[in-house]
Amino acid sequence: MKKRVFVVLFMLGLCYLLIKIEPVLKDNVKIQSLRQTYNSNSSPRLVSQTTSKMQVERSQIYQGNLLLVNRQFAVRQESVRTDIVNLFDYPNLMEGYGVYDRNIRLSEEVAQRFMDMVAAASKDGVNHFLISSGYRDFEQQDVLYEEMGSEYALPAGNSEHNLGLSLDVGSTKSKMSEAPEGRWIEKNAWKYGFILRYPKDKIDITGIAYEPWHIRYVGLPHSAVMHEKNFVLEEYISFLQEEGRISAEVAGKKYTVTYYPKSHNKTVELPGSKEYELSGDNEGGLIMTVQE
Ligand SMILES: [Zn+2]
């Protein structure tokens with residue numbers, strides 16, 4: 001009898017240990033590497049209309065939500081979002097937050113996502129958001145660079161604000177580094193496709209001082225993977241370049257992310273009727289995201 005009790009206790013202990021060492025999944029994000037390599041010497045194939053393959057246009061390689069823009073990689077003219085709107089002309093895009101002045105412009109899609117995010121924050125009792133800057137054309141960026149200096153601003157053409165995917169968010173209560181709005185964004189923005197682009201612990205990689213107000217839209221599942229792995233965009237793009245293909249599960253939705261390197265012929269496999277999104281990385285590579 002004693003032996004049986006011992007075995008039961010041993011099994012219980014084992015179960016407990018297994019549960020303990022199972023990695024804790026933060027807010028239900030699972031990431032898996034699906035390593036694959038491409039034959040970079042393969043010649044471009046002719047693609048028939050009837051196959052599920054598509055030859056990507058040259059201009060598409062420099063468009064999308066995952067373009068890396070920094071001192072090294074500049075914004076090309078074709079990379080600027082084509083859906084830039086002046087928020088003040090679109091009251092239906094301005095619910096739940098304020099704007100600093102009447103001239104704030106942003107990608108319409110990003111404004112919609114931002115609105116979804118502030119609606120969620122409001123449910124947590126955090127509702128004093130203010131957009132102080134959105135899309136800037138090259139001229140505006142030039143003026144700002146002169147005023148702010150290189151620690152906080154980037155020269156025209158090297159700022160994400162020139163894409164239309166980034167915005168500076170403040171709080172009408174206090175400084176973003178102290179305000180509940182800043183803390184909420186730091187903790188939750190990734191769930192809505194946004195990233196804090198210049199975190200405190202990545203200054204050596206981004207080359208930009210900590211900016212608790214600057215957020216960038218990259219979309220899901222990318223923001224979730226970056227949050228889970230504590231990557232800034234520079235690190236995430238390198239990660240995709242190394243892995244080739246990953247799968248990610250975020251809040252029950254499954255995604256496959258495939259990286260096509262610069263040398264690849266850019267004939268991509270279309271996922272049938274599934275939703276997909278293409279984006280360049282601004283280095284000549286292409287990233288396809290499929291929702292499974
Ligand atoms: Zn900014």
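What percentage of the 292 residues in the protein is buried? Buried residues make up 34%, where buried stands for 20 or more other C-beta atoms within 10 Å of a residue's own, with C-beta atoms placed from the backbone. This is a predicted model, in which local features need pLDDT of at least 70, side-chain atom pairs count only at pLDDT 80 or more, and totals for chains, interfaces and linings use all residues. Residue numbers start from 1 along each chain as its sequence is written.

**View 1. The largest nonpolar core.** Here are 56 residues, a set of buried Ala, Val, Leu, Ile, Met, Phe, Trp, Tyr and Cys joined through C-beta atoms within 7 Å. Helix 2 (residues 108-123) gives the largest share, six residues. This core lies between domain 1 (24-66 + 220-292) and domain 2 (81-217), because both give residues to it; the bounds come from an automatic or database domain assignment.

**View 2. Ile 215 and its contacts.** Ile 215 is among the residues with the most contacts inside the core, along with Ala 189, Phe 194 and Ile 195. Leaving out residues up to four places away in sequence, Ile 215 touches residues including Ser 166, Leu 167, Val 169 and Arg 197 (contact: C-beta atoms, placed from the backbone, within 7 Å).

**View 3. The buried residues of helix 7.** Look for Leu 233, Tyr 236, Ile 237 and Leu 240, which are buried in helix 7 (residues 233-243). They sit on the same side of the helix because their arc around the axis is only 100 degrees, taken from the directions from the helix axis to the C-beta atoms. Their cover includes strand 8 (194-196) and helix 6 (222-229). Helices (H or I, at least four residues) and strands (E, at least two) are DSSP runs, numbered from the N terminus.

Terms used. Buried ≥ 20, exposed ≤ 12 C-beta atoms within 10 Å, placed from the backbone. Contact = placed C-beta atoms within 7 Å.
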